[in-house]
2 protein chains.
Amino acid sequence: MEILSVNNPRVKQWKKYEKKKYRNQDQRFLVEEAHLIEEALQANVLETLLVLQGKEVTCNQGVECIEVSQQVLDKLSTHVSSVSMIGICKQLTHKAQSLDRIVYLDNIQDPGNVGTIIRTAYALGYDAIYMSDTSVDLYNEKVIRATQGALFHMPIIRGNLLEMMSIHQEHGVHVYATALDKQAKMLSSIAVSTPFALVFGNEGSGVCPEILAQANTKVMIEMKQFESLNVAVAAGICMYEFSH
Amino acid sequence: MEILSVNNPRVKQWKKYEKKKYRNQDQRFLVEEAHLIEEALQANVLETLLVLQGKEVTCNQGVECIEVSQQVLDKLSTHVSSVSMIGICKQLTHKAQSLDRIVYLDNIQDPGNVGTIIRTAYALGYDAIYMSDTSVDLYNEKVIRATQGALFHMPIIRGNLLEMMSIHQEHGVHVYATALDKQAKMLSSIAVSTPFALVFGNEGSGVCPEILAQANTKVMIEMKQFESLNVAVAAGICMYEFSH
C-alpha cells in the first residue's frame, strides 16, 4: 500500500495525534525513533508502520506496512531533521502485577522529567507508575523519547491520584511524599516500610496539599545549600535510596 | 545610554556570544532570565544590563545600564517569547576552596544534563566541578538555565580532565568512575574514601577508556533491568549516596 499525498484522510487523522485529545479519543500515538519503533513491535502495540518510499523494510506479521512520501513523514514528524519511518501504536494497557514499590507523579509538567522518571523506575525495577490526570500526557512525543523505551515495559496508570492513593492505602501501601517541609523526615533516616508508594510533585509547587495531607510520611532529601533539585534527579535519588 | 539599532557594533559583538568561540575569546556570556541576572549581580559578574526602552529598572552601581529596543533584545535572545532584559556577564573564575568532594564531567554533551548536574552538586554541597574540554560549553544558554543559577556559586574548572585528574590523585584524591562493567563495584557496597572525585561520562559511550584506566575504583549503580539511566539521574544518585 502507498500514501503519497499529505491530504490523504488517514494522514490527516494521524496528524491529529499531535494533540492529546485525539490520541486519547482513538487510543493511539506515534513514535519516530527506529529503536522505539522496535520496542513498540516487541510490546505488540505497533499497528501501522509508515516507511519512506523505496526504503527496504521487512514488515512483520500483524503490522500494516505503508509506503509514504517524504512529505507525509515530514508532515507527521515533530523532529527537525527528516525521519524515514513513523509507527502508529495502540496505547498501552499494562496492568501492575505487584504494588510493592510504586511511584506517583503529581502534576509534573515537563515531558523530559516525566520520561526520565519512567526510565529510572524501570531500570530500578519498580512495579508501576501512577500519574495524575493533571500531569503532562504520557504519549507526548518528548515523554516517549525521554523514557528511552521504558514506557513499553512499565505499567503506567493515569487517573485521579488522590482516589488511586486511597485505594492503595486501604491495601496497606505506605505513602511517602517528598516535601520541603520542617516536619519531613530526612531521606537517609527512613526505615522503609513495604509495600510503598513514593510521590513526586510539580516542578514549581511540589506535591499538592491534598496529597501531602493524606500521605503517611513526608520525606526530604538532605541538602547543604537551601536549594532545590530537579524533580527527575530527586526522584532518582529517592527511588534508589528506597531500594538499597 | 540608548541603543536602538540592531546594526550597532556592540549589538553585533554581543550577538557573537551565541558561539562558544567568541564567548571564550572575550570571556563573556549572556543571561536572559530575571532570576539569573539577579544571581549574576550578586556574584559580581554582571557587567552590562540591557533593558527594554521605557521599562523602569534601578541600575546597580558598577553595572552599565543601557536602554535598548525590543528589536535589539529579540536579536540577542535565544527564547521563543520576547524578553525585556539581557545581562552581559564576565565568565566566572571561582577557585575551589577544598577538594574533598569533587565531580568530573567527561565529554557530556547535553546542556540540560550538564546544567542539572551542576545544580545537584551545588545543592548537595560538593566543592567543585571539573569539566573536560570536550564537554558542552559551560556558558551555553541551556546549560546556564538548567543550573538554575548554581553556576554562579560553584567553582567550575574546564580543561584537560586526564591531566587535572593526575594532579588530584597526586594530592590523595581517590577517583571513582561510573562504569557498566562486570569488574565495577556496586554503589551500595562502596566504603567512601575522602577526598574523592566522582566521574560521569558521555551519554552514549560513558567514561572514556583512558580515564577509566587511571581511576582508582569503578562504580556501578545496581539495576534490575539491563537498562541505563540518564546521566544526570545517575550522577544525582551517586552524589547523594557518596554523601550519606
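Tutor: Contact, as used here, means heavy atoms within 4.5 Å. The model is predicted: local features need pLDDT of at least 70, side-chain atom pairs count only at pLDDT 80 or more, and totals for chains, interfaces and linings use all residues. Residues are numbered from 1 along each chain as its sequence is written, chains are lettered from A and ligands numbered from 1 in the order in which they are written, and side-chain values use heavy atoms, with hydrogens and water left out.

Student: OK. What is Glu141(B) in contact with, leaving aside its neighbours within four places in sequence?

Tutor: Glu32(B), Glu33(B), Thr78(B) and His79(B), once those neighbours are set aside.

Student: Which side chains have a polar contact with Glu141(B)?

Tutor: The Thr78(B) side chain, at 3.1 Å, and the Arg145(B) side chain, at 2.6 Å. A polar contact is a pair of N or O atoms within 3.5 Å; within protein, one must be able to donate a hydrogen and the other to accept it, and residues adjacent in sequence count only if both atoms are side-chain atoms.

Student: Is Glu141(B) buried or exposed?

Tutor: Glu141(B) is buried, with a relative accessibility of 14%. Buried is under 20% relative accessible area, exposed is over 50%, and partly exposed is in between (1.4 Å probe, protein chains only).

Student: And which helix is Glu141(B) in?

Tutor: Helix H6 of chain B, residues 141-147. Helices (H or I, at least four residues) and strands (E, at least two) are DSSP runs, numbered from the N terminus.

Student: Switching to chain A. How many helices and strands are in the secondary structure of chain A?

Tutor: Nine helices and 12 strands. Of the 244 residues in chain A, 51% are buried.

Student: In what order do the seven strands of the open sheet come?

Tutor: S8-S7-S6-S11-S9-S12-S10 in chain A, with parallel pairing. The edge strands, each pairing on one side only, are S8 (156-159) and S10 (185-186) of chain A. Two strands pair if DSSP finds at least two bridges between them.

Student: How many bridges join S9(A) to S12 of chain A?

Tutor: Three, with the strands running parallel; S12 of chain A covers residues 217-220. S9(A) also pairs with S11(A), in the parallel sense over four bridges. In S11(A), Phe196(A) is the bridge partner of His174(A).

Student: How many residues of S9(A) are buried?

Tutor: Four of its five, so S9(A) is mostly covered.

Student: Which strand holds Thr178(A)?

Tutor: Thr178(A) lies in S9 of chain A, residues 174-178. Thr178(A) is buried, at a relative accessible area of 19%, and its bridge partner in S12(A) is Val219(A).

Student: What does the side chain of Thr178(A) reach?

Tutor: The backbone oxygen of Val199(A), at 2.8 Å. Beyond four places in sequence, the contacts of Thr178(A) include Val199(A), Phe200(A), Leu212(A) and Cys238(A).

Student: Which residues is Ile211(A) in contact with, leaving aside its neighbours within four places in sequence?

Tutor: Asp106(A), Leu161(A), Leu162(A), Met165(A) and Val199(A). Ile211(A) sits in helix H8 of chain A, residues 209-214, and is buried at 3% relative accessibility.

Student: Which strands does helix H7 of chain A lie across?

Tutor: H7 (residues 161-170) lies across S6, S7, S8 and S9 of chain A, at about 160° to S6(A). Helix H9 of chain A (residues 231-241) packs on the sheet too, touching S6, S9 and S11 (196-200), and its direction makes about 160° with that of S11(A). Axes are lines fitted to C-alpha atoms, for helices over the stretch in contact, and angles run from 0 to 180 degrees between N-to-C directions.

Student: How many residues does the contact take from chain B and from chain A?

Tutor: 26 residues from chain B and 26 residues from chain A. Of the interface residues of chain B, 100% are also interface residues in chain A, so the copies meet through the same surface.

Student: What area is buried between chain B and chain A?

Tutor: About 2400 Å², with carbon and sulfur atoms giving 60%. Arg119(B), Ala123(B) and Tyr240(B) supply 24% of what chain B buries against chain A, more than any other three residues. Buried area is the accessible area (1.4 Å probe) that two parts lose on being put together, summed over both.
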